[in-house]
Amino acid sequence: MRPRRLVVPDPLQPKQVPAGTEAVVVGGGIAGVSAAVVLAERGVAVTLLEATGHLGGRLGAWPERLPDGAEQIIEHGFHAFFRHYYTWRAILRRADPALSFLAPVKSYPVISAEWPAEDLSGLPAAPPLNLLALALRSKSLTRRELLRADADTGRALLAYDRATTYAEFDDVDAAAFLDGFGMTARSRSMLFEAFARSFFCNQGQLSAAELIAMFHYYFLGNPEGIGFDVPSTDYATAIWDPLHRHLDRHGADVQMSTGCVSVEPNGHGWRVTTTAGTIDTRHVVMALDPGALKDVVGRSPGTAAAAPLLAQACEKLTVAPPFAVSRIWYDRDVAADRAPFSAVSGQPTLDSIAVYSRLEEPSVDWARATGGSIVELHSYSCQIPDAAAAAAALRKELAALWPETATARIVHTHDRLEATAPAFPPGSAGTRPTVRTDARGLRVAGDYVDTPYLSGLMERSAMSGVLAANDVLAELGAAAEPILGVPQRGLLAGVPQFGAKARASG
Ligand SMILES: Cc1cc2nc3c(=O)[nH]c(=O)nc-3n(C[C@H](O)[C@H](O)[C@H](O)COP(=O)(O)OP(=O)(O)OC[C@H]3O[C@@H](n4cnc5c(N)ncnc54)[C@H](O)[C@@H]3O)c2cc1C
């Protein structure tokens with residue numbers, strides 16, 4: 001399996017845009033910065049507006065003072081940088097051409113209080129070998145169980161196809177779809193629960209079509225295999241400071257702590273009202289989190305009238321339940337055999353554990369100097385509505401899995417609860433905003449945007465940002481930025497006897 005060339009630039013078109021072209025990008029997360037980088041490199045005078053004091057959005061990082069006086073950069077949360085994030089990695093190469101700040105995470109266990117761990121690392125990349133290897137290696141999934149599994153459900157996983165998968169499975173929730181598989185509680189918990197929760201939803205609130213798409217994207221159709229890398233230093237040093245300098249070098253005007261209030265039609269272009277003033281421009285990329293996009297469009301009645309389909313998509317856009325992140329500085333190390341990153345299954349709140357003091361240089365240094373450790377706990381779809389209470393629940397569940405943390409002294413904690421992730425509920429396919437809106441000159445980018453090509457999470461943000469930039473370039477007659485992706489269909493897609501259940505039965 002190899003990556004596919006999804007967007008190929010026309011060699012006859014110029015790379016640079018005509019002089020004097022301007023654009024405003026709203027939102028300085030992965031989507032906004034990806035759009036701004038491509039536009040600025042092509043000669044567009046870009047203004048990038050970011051409401052907070054740092055770039056990065058949900059991948060952002062900022063300094064935190066510890067009780068011992070030491071300053072550390074802390075992040076919004078641990079992130080796995082998968083190797084098939086081709087667009088995002090291409091943007092990151094502007095910060096570090098060799099991507100030398102990324103280091104592989106060798107093992108990737110799913111752990112549980114009830115069952116032995118599963119390790120998903122090191123599986124072959126191509127289907128069906130990866131599925132067979134998983135079945136042979138898995139302690140949860142027995143070969144007998146695999147043979148008895150519902151054949152139609154198994155085929156649906158192997159036959160991902162954008163049109164038929166969404167047509168057939170978008171109205172079904174992921175829990176009902178997995179019920180149909182007939183797996184034991186153990187296999188389901190160890191192989192699917194943690195995976196489904198990584199998309200910030202419980203199985204009952206996630207579209208089965210989205211689960212099938214993501215299973216294809218991350219596992220079955222992933223030419224690079226399911227392994228991932230993590231930055232060896234904090235995200236500000238590794239990613240955002242160098243990308244900010246890259247934007248400066250290409251003449252972009254990066255305005256921090258400048259929120260967008262509204263975006264309204266203005267003649268042949270747009271008037272962007274910010275907390276600092278107004279900017280008139282022909283091209284706008286709205287690269288906001290889903291709640292913020294709804295708010296800005298809600299405050300822009302002229303845009304709602306000029307782009308009724310965008311307004312309708314914003315009304316339907318749903319924000320996922322909050323995610324909780326608790327970073328804990330302990331006075332001692334966790335047990336030597338703890339993996340640097342573990343997905344957790346079967347706990348009501350805890351979904352993952354990252355031992356930062358085994359992953360990231362500044363945390364390694366702090367641990368070495370103090371004899372302590374730094375552990376970060378995530379709940380991707382948290383039922384507890386308060387950051388402190390959620391953090392207490394996360395720590396209690398950690399202590400049940402890793403008893404040494406129950407007696408360790410907590411030196412410092414940083415706890416957050418935030419609802420900025422998109423939801424993909426059953427029935428939502430076809431209702432999400434697309435990159436190109438029904439008002440010329442206004443584009444949308446972000447990890448909830450309906451793109452023509454399959455991708456997920458950080459890569460969907462980067463890909464939608466580059467697609468938004470490409471839409472601006474297309475209007476100006478400039479060549480597109482190339483985009484690579486995974487094979488867009490599953491191994492069995494389109495094979496009549498293996499097609500979707502509805503087609504097979506009639
Ligand atoms: C805890 C956690 C763990 C995660 N783990 C992973 C992982 O392992 N792998 C993975 O691929 N993905 C992961 N993700 C998802 C990933 O972080 C997101 O998909 C991605 O960062 C979204 O980027 P974005 O640019 O689309 O949106 P955002 O990052 O939300 O960016 C939107 C930006 O808009 C700004 N903004 C909002 N309102 C305004 C306004 N009015 N004016 C101007 N600016 C505004 C915000 O401040 C923000 O900077 C994780 C997310 C979280 C929270």
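The model is predicted, so please read every value below as computed from it.

**Around the ligand**

Let us start with the ligand. There are 33 residues around the ligand, and those that come nearest are Glu50, Arg58, His79, Tyr85 and Asp447. By class, this shell has 17 nonpolar, twelve polar and four charged residues.

| Residue | Protein atom | Ligand atom | Distance |
|---|---|---|---|
| Ala31 | polar backbone atom | oxygen | 2.9 Å |
| Cys260 | backbone N or O atom | nitrogen | 2.8 Å |
| Asp447 | polar side-chain atom | oxygen | 2.7 Å |

How much of the ligand does the protein bury? Taken alone, the ligand exposes 1000 Å², and the protein buries 93% of that.

Which elements give two or more residues to the shell? They are helix 1 (30–41), strand 16 (323–330) and helix 17 (457–475). Helix 17 supplies the largest share, with three residues. Seen by domain, at least three residues of the shell come from domain 1 (17–58 + 234–318 + 425–477), and at least three from domain 2 (61–80 + 100–105 + 320–418).

**The cysteines**

A disulfide is a covalent bond between the sulfur atoms of two cysteines. How many disulfides does the structure hold? The number is zero. Take Cys314: the nearest cysteine sulfur belongs to Cys260 and is 12 Å away, and Cys314 is in no disulfide. With a relative accessibility of 4%, Cys314 counts as buried, because buried means under 20%.

**Two positive phi angles**

Now for the backbone. Most residues other than glycine have a negative phi. Leu99 has a positive phi, near 50 degrees. Where does Leu99 lie? Its place is the loop between helix 2 (86–92) and strand 7 (102–104). At 8% relative accessibility, Leu99 counts as buried.

Phe200 also has a positive phi, near 65 degrees. You can find Phe200 in the loop between helix 8 (185–197) and helix 9 (208–220). Is Phe200 buried or exposed? Its relative accessibility is 17%, so Phe200 counts as buried.

How values were computed
Residues are numbered from 1 along each chain as its sequence is written. This is a predicted model: local features need pLDDT of at least 70, side-chain atom pairs count only at pLDDT 80 or more; totals for chains, interfaces and linings use all residues. Side-chain values use heavy atoms; hydrogens and water are left out. A residue is near a molecule or strand if one of its heavy atoms lies within 4 Å of it. A polar contact is a pair of N or O atoms within 3.5 Å; within protein, one must be able to donate a hydrogen and the other to accept it, and residues adjacent in sequence count only if both atoms are side-chain atoms. Accessible areas come from the Shrake-Rupley method with a 1.4 Å probe; for residues, only the protein chains shown count as cover. Helices (H or I, at least four residues) and strands (E, at least two) are DSSP runs, numbered from the N terminus. Ala, Val, Leu, Ile, Met, Phe, Trp, Tyr, Cys and Pro count as nonpolar, Asp, Glu, Lys and Arg as charged, and the others, Gly among them, as polar. Domain bounds come from an automatic or database domain assignment. A disulfide is a pair of cysteine sulfur atoms within 2.5 Å. Buried means under 20% relative accessible area, exposed over 50%, partly exposed in between (1.4 Å probe, protein chains only).
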